[in-house]
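Student: I would like to learn how to read the places where parts of a model touch. Please take me through them step by step.

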Amino acid sequence: MRVETVWLGRGGQGIVTATYIVANASIIDGFHAIANPEFGAERRGAPVKAFLTISKEPIEDQEPVKTPDVVVVFDDKLIDSMRFAIDAVKPGGYVIINTGKSPEEAKKLVGRDDVYLVVLDAIDIARRHVKLDVPNGPLAGAFSKVMGFPTLESIKQAFETQLGKAVEQNFAATKEAYEKAVVIPPARVDASAKPKGIISTTSAFLTGPYEIVGWREVNKAGAVFPGTSLFYTTGGWRIDKPVIDHSKCIMCRKCWLYCPDDAIIEAWREAEGPRGRKFRMKAIDFDYQYCKGCGVCAEVCPTGAIQMVREL
Amino acid sequence: MTAQIVAPKERKVAQKRIALTGNHAVALAVKMARAEVIAAYPITPQTPVVEKLAEYVNNGELDAEFIPVESEHSAMSAVIGASAMGARTFTETSSQGLGHMYENLPIAVGMRLPIVMGMAVRTYSAPINVWGDYSDVMSMRELGWIIYIAQNAQEAFDTVIQAYRVAEDSRVHLPAVVAYDGFWTSHVLQPLDVPEDEEEVMRYAPITRSWVKLDVDNPAQLGAVGTPEWYWEIRWQAVEALRASLKVIQEADEEYGKVFGRSYGLLTPYRLEDAELAIVAYGSIFGLVKKVVDRLRREGVRAGALRLRVIRPWPGDMFKKLLEHVDKVAVIDRAINHGGPLYGPMAVEIAATIQKPVYNVLATIGMRAIDSDMIYDAVVKIHRGLWVPNTPYTVGLRGYE
Ligand code: SF4
Ligand code: SF4
């Protein structure tokens, strides 16, 4: 038995810790495990992947995981940009996904009917127990439920070793996830079928219109020339998004002043006067391409016109 | 720490299985070896090791002086000073940090100080690449340090303990570095067995304080001027000590095997007895290499492999013996010997040792990932005669061939 897994998420969501916890717990249960995070720019919000292989036998070959048995997705907005990883799951394997969406919607999003789909609102659970948006404890719980290992007891011990704090809260979240995760079995499993793709061992995280070129064509000295950050639409990081109630807004522009990402814009809006006359007026709006959902705007708004609404 | 107890009969010492990253395994070994002075510049690239050690010191689990210096240059200076006072010392660095420390590295050798250093190997800038390859440690080869290369977290743990015993042996008195893959070992969480009773480590590697040190009752000056009349002779002592340390390293490894149940040798051969083709490699990729050997054997190719564990001192005779009967020797190098006779540092040394042309393959530069299929494809090309010796080949470099 050798189970190969890939964990996908964003910097700051605790992906590396999640693999360390599950590996540690599996080792406590007598398995061999190797948690092999991929370190990149170490930037909050940037896509991160980590690998975890668990086996009955000692693992000496540190093979990169190319066609995983399990993919764990921390953020449903990564499914499209990281479709290569979903495609690479072996038929009959598992896709475990953290989302606030319904299992049916999640199924559509994943778009595969030959794998087990495991749906869980890990953010909600983490917020209630740990008071943080770190879905790793709950996802470890969902993993344990569908794989049958590591045991919840061992996960708790692993929390002690790997976190050394907030063990009870994290464990409560894990347990709730274990009970609540919804498992949708595949409509069909063709065990002889090959996965649709493989996870490449290099450059899987390039975003933007780059060309993968050979050593002769790469810029000399690795020089980087002026470009544009337009392609880095950081709006994908959001868990909550700001929504405005225009009737409450007094256009004081405090939100505009405080937004750390220049994501608050003024736009013309059609409005209707008391006698039905239509006119255009300036109104606050959000540039959701770049709004990271930090909630500062809602916090500073003196009239409570902005509400943060769950999006993930 | 929670763990299950694994204590097979043949082991003298009871051990428990725990899960640690390579970095934390090294930190634990340093703690169990009761280092007395630890100096480090706590920033990338070595943070997790010294962070853990700082934690041990802070918690009172390790009675050591932790000196957070302002650069690697100072870190080496501090451990040189502490070691010259007779303390068991530790520091850790890699990459540009080693570069900054470089000026002091030969001083530790000339003063014959048994400093132990950890190194989660990484490449050099530019372009900035904080990821793993062996550029840093390979640039230490001329200096007189003992250089170990560990394959995984377990071995890194075991080797740090062995290194203290070897470095402080009165036949040696030289600094030692324990290198292990940046990220692929340093940040990978793996199971490892560690002694339940930490005192076992001290029994195996007691602090000898036998080296030349400063002592108020017996005043002396260390590291003073060595004029042309004396320098060479003094330095030659270090040269001879490094050569002689081969035997001590071996003894220490065998003894470690008897007490803790694990020993590794100076070189680790795999299915080499009747091999016609050998793959020589070092670090974490050896597991992949062994897999390739098994695959080739299944296909009827008499393949074997050899892992370099100690590259300074160089176990030349052992190489000759192990590779004597092998027709084709392929060396996977993980650092570039820019402009050298072959492009990989170990390929050059192995070719010089066995007096035969070798197949030189560069891989994992700047931590370009490889898998066993890529190694297999390269070795098959060598086996079929598509690649020729004395020519640099690459695995994973785009646009090369
Ligand atoms: S949530 Fe944060 S980033 Fe988004 S608009 Fe409000 S202040 Fe700006
Ligand atoms: S802070 Fe509130 S009231 Fe002021 S402009 Fe923004 S949304 Fe309107």
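Tutor: Start with the salt bridge, which is a side-chain nitrogen of Lys or Arg within 4 Å of a carboxyl oxygen of Asp or Glu. E63(A) and K291(B) form one, with their closest N and O atoms 2.9 Å apart. The rule finds 5 salt bridges across the interface of chain A and chain B. This is a predicted model, so local features need pLDDT of at least 70, side-chain atom pairs count only at pLDDT 80 or more, and totals for chains, interfaces and linings use all residues. Residues are numbered from 1 along each chain as its sequence is written, chains are lettered from A and ligands numbered from 1 in the order in which they are written, and side-chain values use heavy atoms, with hydrogens and water left out.

Student: How many residues does each chain bring to the contact?

Tutor: Contact means heavy atoms within 4.5 Å. Chain A brings 32 residues and chain B brings 31 residues.

Student: How much area do chain A and chain B bury between them?

Tutor: The size of an interface is often given as the accessible area lost when the parts come together. Here buried area is the accessible area (1.4 Å probe) that two parts lose on being put together, summed over both. For chain A and chain B the value is about 2600 Å², with 53% of it on carbon and sulfur atoms.

Student: How many residue pairs are in polar contact between chain A and chain B?

Tutor: A polar contact is a pair of N or O atoms within 3.5 Å; within protein, one must be able to donate a hydrogen and the other to accept it, and residues adjacent in sequence count only if both atoms are side-chain atoms. Between chain A and chain B there are 12 such residue pairs, both residues being at pLDDT 80 or more.

Student: Which element gives the most to the side of chain A that touches chain B?

Tutor: Helices (H or I, at least four residues) and strands (E, at least two) are DSSP runs, numbered from the N terminus. On this side, α1 (15-28), β2 (32-37) and α7 (152-162) of chain A are the elements that give two or more residues. β2(A) gives the most, with 6 residues.

Student: Which domains does chain B have?

Tutor: Domain bounds come from an automatic or database domain assignment. For chain B the assignment gives domain 1 (15-210 + 221-260) and domain 2 (267-394). The C-alpha centres of these two domains of chain B lie 27 Å apart. Domain 1 of chain B and domain 2 of chain B bury about 2300 Å² between them, 61% of it on carbon and sulfur atoms. Between these domains of chain B there are 5 salt bridges; D181(B) forms a salt bridge with R334(B), with the closest N and O atoms 2.6 Å apart.

Student: Which domains does chain A have, and where do their centres lie?

Tutor: The assignment for chain A gives domain 1 (2-184) and domain 2 (235-310), with C-alpha centres 35 Å apart. The area buried between domain 1 of chain A and domain 2 of chain A is about 720 Å², and carbon and sulfur atoms give 45% of that area. Across this interface within chain A the rule finds 2 salt bridges. R310(A) and D121(A) meet in a salt bridge (2.8 Å, N to O).
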